[in-house]
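Q: I am new to this structure. Please walk me through how to read its features.

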Amino acid sequence: MDFTLTHEQELLRTAIAGFLGARYDLAKSRHAAKMGAGWQPAVWRGFADELGILGATLPERVDGMGGGPVELMVIAEELGRALVVEPFVDTVVIGAGLLNRSGGEQADALLRQIVSGDVRTAFAALEPTSGHTLHDVSTAARRDGDSWVLDGTKTVVTSAPLATHLLITARTAGNRRDQRGISLFHTAFDADSPPAGVGVHSYRTIDDRVAADLVFTDFRLPADALLGVEGTAWVAIEPTVDEAIAATAAEAVGCLRKVLADTLEYVKQRKQFGQPIGSFQVLQHRMVDMYMELEQAIAAVYLAIYSLDADTPTRARAVSAAKVTIARAARFIGQNAVQLHGAMGMTEELAIGHYFKRLTAIEHEFGPSDHHLAKYAALTRP
């Protein structure tokens, strides 16, 4: 299989790298994440108007460019290399993926607004008792005349404080862990002024991103808030989440490339006993081990990306394998990079510490290694 990027894909990579290199200063982005609104709206507008990456992987019918999984990998990796906190995966991969697979005029209208940069989405799926099993849904939706009424709690809704719209899973039929009977609803949203019936607790995560816990109490939605066919949302959710895991894994590769490059540069400059510490054989061996972990992570991401259009078991196996491989590489490379930098590796002033926090979060995002190892084992069982 040929993993060489096409000329157009290389141009895409170069354009994103150039934009971020000129416009995405790490210190400024961390300040915006910690002290400001949690993101940089001007950068998001640049993603839409100057780079066009918000629509690069979306269908042409909604003003997208019709790109595929490889374009998604290129974009996500470059965003990871620059440690971008803006909600690309939550909006362009999860939000747009769910809307595209649900279909309908309302979904297409929202997709066009995602491409233009006017809509940002958050996916309210995890619940206090569900762990990382997204089809474990206790939030209930019932009909009341021409409306839907939702009751339940959603936790760790990433990017909710930045979102203009929520996509909410709720059970309209079946038992708590059934895949059938889950429906998907959408609603306009403002975390600072939430609609009646929605309680919001916003917070910052360890990796300088934002999230919220949401409580729905007799939350009333119009009949057309339902996306797709009632009770069949899992058909859209499962492939969309697999795509999001693959994109996050590609983001992690971008982080890992940067961490390894910075560490290599540091060990060439840092001197001990009158010579660079990179000349010590034991540290050279460690750097080789870090490089091998990175190469395995890259290979696993390629497998996941090229399996996104495969049948469900093949796709799910490749995605879980990538998630486990990325988690191992993130921990090994991240911890060793911090150790090789010494105590300053975890300081706010040094980039390594910020990348390490993001890699630590990626280890657990969409389920930790144990979850995906068990899923992989179940998928390969005769």
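A: Start with one residue. Thr187 sits in strand E5, which covers residues 182–188; strands (E, at least two residues) are DSSP runs, numbered from the N terminus. This is a predicted model: local features need pLDDT of at least 70, side-chain atom pairs count only at pLDDT 80 or more, and totals for chains, interfaces and linings use all residues. Residues are numbered from 1 along each chain as its sequence is written, and side-chain values use heavy atoms, with hydrogens and water left out.

Q: Is Thr187 buried or exposed?
A: Buried means under 20% relative accessible area, exposed over 50%, partly exposed in between (1.4 Å probe, protein chains only). Thr187 has 11%, so Thr187 is buried.

Q: Which residues is Thr187 in contact with?
A: Contact means heavy atoms within 4.5 Å. Leaving aside neighbours within four places in sequence, Thr187 touches Thr164, His165, Leu166, Ile168, Phe219 and Leu221.

Q: Which domains does the assignment give?
A: Domain bounds come from an automatic or database domain assignment. Here they are domain 1 (7–118), domain 2 (122–231) and domain 3 (234–380).

Q: How many residues of domain 2 are in contact with domain 3?
A: On the domain 2 side, 12 residues are in contact with 13 residues of domain 3.

Q: How many salt bridges are there between domain 2 and domain 3?
A: A salt bridge is a side-chain nitrogen of Lys or Arg within 4 Å of a carboxyl oxygen of Asp or Glu. The count between domain 2 and domain 3 is 2. Arg358 and Asp207 form a salt bridge through their side chains, at 2.6 Å, N to O.

Methods. Helix = DSSP H or I, 4+ residues; strand = E, 2+ residues; numbered from the N terminus.
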